[in-house]
Amino acid sequence: MLSSVDTGGRRKAKLLLSHHSAFAMSSHILPLLFLNLGGEMVYILNQRLSAQKIKNDKAKQVLNDITSIMLNEKFLDELFKPQKIYNKDALKNLFHDLAHASIMRLNEASMNKLYDLMTMVFKYQILAAREPRDLILISLNHMDAMRSLVQTSQVQKQLDACYYLVMKMYGQMTDGELQRVRFSILNFFQDIRIRVSIFLRKGVQNNDGSFVIPSDLTISYDMTVGNRFKRTRMVVKIVLT
C-alpha cells in the first residue's frame, strides 16, 4: 500500500513539474512573437511600399523608423523579462501603434489585412518547423531580413543587440524547452484561422483556415523570410504624411 501511495505521489509530482515547466516556457514566448511578427510586418511593408512606387527616401524612412522603435533598447530589456503573454487584442494594438510610428498611415481595413497576413505566415512557419531549434532559425531569419532592409548604423547596432538577446535566452534552452515554447506559441495562434489567398492557391491551407502540413516539409536553414510567399497580392493602402 505504501508503495502504491508513493508511486502515485511521484506521478503527481511529475505532473506538477510538467505544468510548472510549461508555464515557465510560456512566459518566454513574447519576445519571439513580437520579433517574428515585427519582421513579417517590415518585410510586407517593404513589398507594398515598392509596389506602390513610394519614393525611395520616404520608404527607407518608414522602415528605419519602425525598426528603430521596435528594437528600442529599454523596450527590449523589458520584452525579454519572463512575463505573461499579452492578450491577442493588446498585441494587435501594439503593432497598430508601431505601424503608425513613422510618416505612414494605414486605414483600418489595410491594417487588419496586414496583421492577418503577419500572423498567418508566422503561424505557418512555426507549424512547419521540423526541429525545436528551427524556432531560433526562423527568428534569426526575420532579423536578417530586417537587417537587409534598414540603412542606418544605429538600427544595425540595435539588431546586433537583439540578436545577442535572442541567443542568450533561447540558445541555451534544451530541445525539450524549445519545443514547449513552440507549443505555447501554437496555443496562442490556435483559434486564429484566417484564409490567405496565396496559401489557398498553393494548397497549404484548407477552406476553414487550417493548414495542411506535408509530412516531408522542411525549412531550409538559409531560407529567406517570405520567399515562399513573395507573390502575395494582399492590398494594403499606404498613405505617407
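# Close-up views of a predicted model

Figure 1. N64 sits in helix α3. The view, like those that follow, comes from a predicted model. N64 counts as buried because its relative accessibility is 10%, under the 20% limit. A polar atom of the N64 side chain lies 2.9 Å from the backbone nitrogen of Q151. Q151 is also among the contacts of N64 once neighbours within four places in sequence are set aside.

**Figure 2. The whole chain, for orientation.** The protein has ten helices and two strands. From the N terminus, the order of elements is α-α-α-α-α-β-α-α-α-α-α-β. Of the 241 residues, 46% are buried. Among contacts with a separation of 6 or more, 80% join residues 24 or more positions apart.

Figure 3. Helix α2 covers residues 30–51, 22 residues in total. At 1.5 Å a residue it should span 32 Å, and its end C-alpha atoms are 31 Å apart, which agrees. Most of α2 is covered: 18 of its 22 residues are buried. Just after the helix comes K53, with a positive phi of about 55 degrees. Most residues other than glycine have a negative phi. K53 takes its positive value although it is not a glycine. K53 belongs to the loop between α2 and α3 (56–70). K53 counts as exposed because its relative accessibility is 74%, over the 50% limit.

**Figure 4. M41 in the largest nonpolar core.** In soluble globular proteins, nonpolar side chains tend to be buried together. Here the largest nonpolar core holds 68 residues. Those with the most contacts inside this core are M41, F80, F95, Y170, I185 and F199. What does M41 touch, leaving aside its neighbours within four places in sequence? Its contacts are I66, F95, L98, A99, L114 and M118. F95, L98 and A99 are buried residues of α5.

**Figure 5. Helix α5, buried on one face.** Helix α5 has twelve residues, 88–99. At 1.5 Å a residue the helix should span 16 Å; the end C-alpha atoms are 17 Å apart, which agrees. L91, F95, L98 and A99 are buried in α5. Seen down the axis of α5, the buried residues fall within an arc of 100 degrees, so they line one face of the helix. D89 and D97 are exposed on the other side of α5. The buried residues of α5 pack against α2, α3, β1 (104–106), α6 (108–128) and α9 (175–189). At the start of α5, a side-chain oxygen of N87 comes to within 3.1 Å of the backbone nitrogen of D89.

Figure 6. L186 is found in helix α9. Is L186 buried or exposed? L186 is buried, with a relative accessible area of 16%. L186 and K123 are 63 residues apart in sequence, but their C-alpha atoms are 7.1 Å apart in space. Not counting residues up to four places away in sequence, L186 touches K123, I126 and L127.

**Figure 7. Aromatic pairs.** The whole structure contains eight aromatic pairs. One of them joins F188 and F189 edge-to-face, with ring centres 5.5 Å apart and 75 degrees between the planes. F188 is buried, at a relative accessible area of 9%. F189 counts as buried as well, at 0% relative accessibility. F199 and F211 form an edge-to-face pair: 5.2 Å centre to centre, with 85 degrees between the planes. F199 lies in helix α10 (residues 197–202) and F211 in the loop between α10 and β2 (238–240), so the pair ties together parts that are twelve residues apart in sequence. F199 is buried, with a relative accessible area of 0%. F211 counts as buried at 12% relative accessibility. Elsewhere, ring pairs link F34, F75, F95 and Y115 into a cluster.

Definitions and conventions. Residues are numbered from 1 along each chain as its sequence is written. This is a predicted model: local features need pLDDT of at least 70, side-chain atom pairs count only at pLDDT 80 or more; totals for chains, interfaces and linings use all residues. Side-chain values use heavy atoms; hydrogens and water are left out. Helices (H or I, at least four residues) and strands (E, at least two) are DSSP runs, numbered from the N terminus. The expected span of a helix is 1.5 Å times one less than its number of residues. Buried means under 20% relative accessible area, exposed over 50%, partly exposed in between (1.4 Å probe, protein chains only). A nonpolar core is a set of buried Ala, Val, Leu, Ile, Met, Phe, Trp, Tyr and Cys residues joined through side-chain atoms within 4.5 Å. Contact means heavy atoms within 4.5 Å. The arc is that of the directions from the helix axis to the C-beta atoms. A polar contact is a pair of N or O atoms within 3.5 Å; within protein, one must be able to donate a hydrogen and the other to accept it, and residues adjacent in sequence count only if both atoms are side-chain atoms. Rings of Phe, Tyr and Trp (its six-membered ring) pair if their centres lie within 6.5 Å; planes under 30 degrees apart count as stacked, over 60 as edge-to-face and the rest as tilted.
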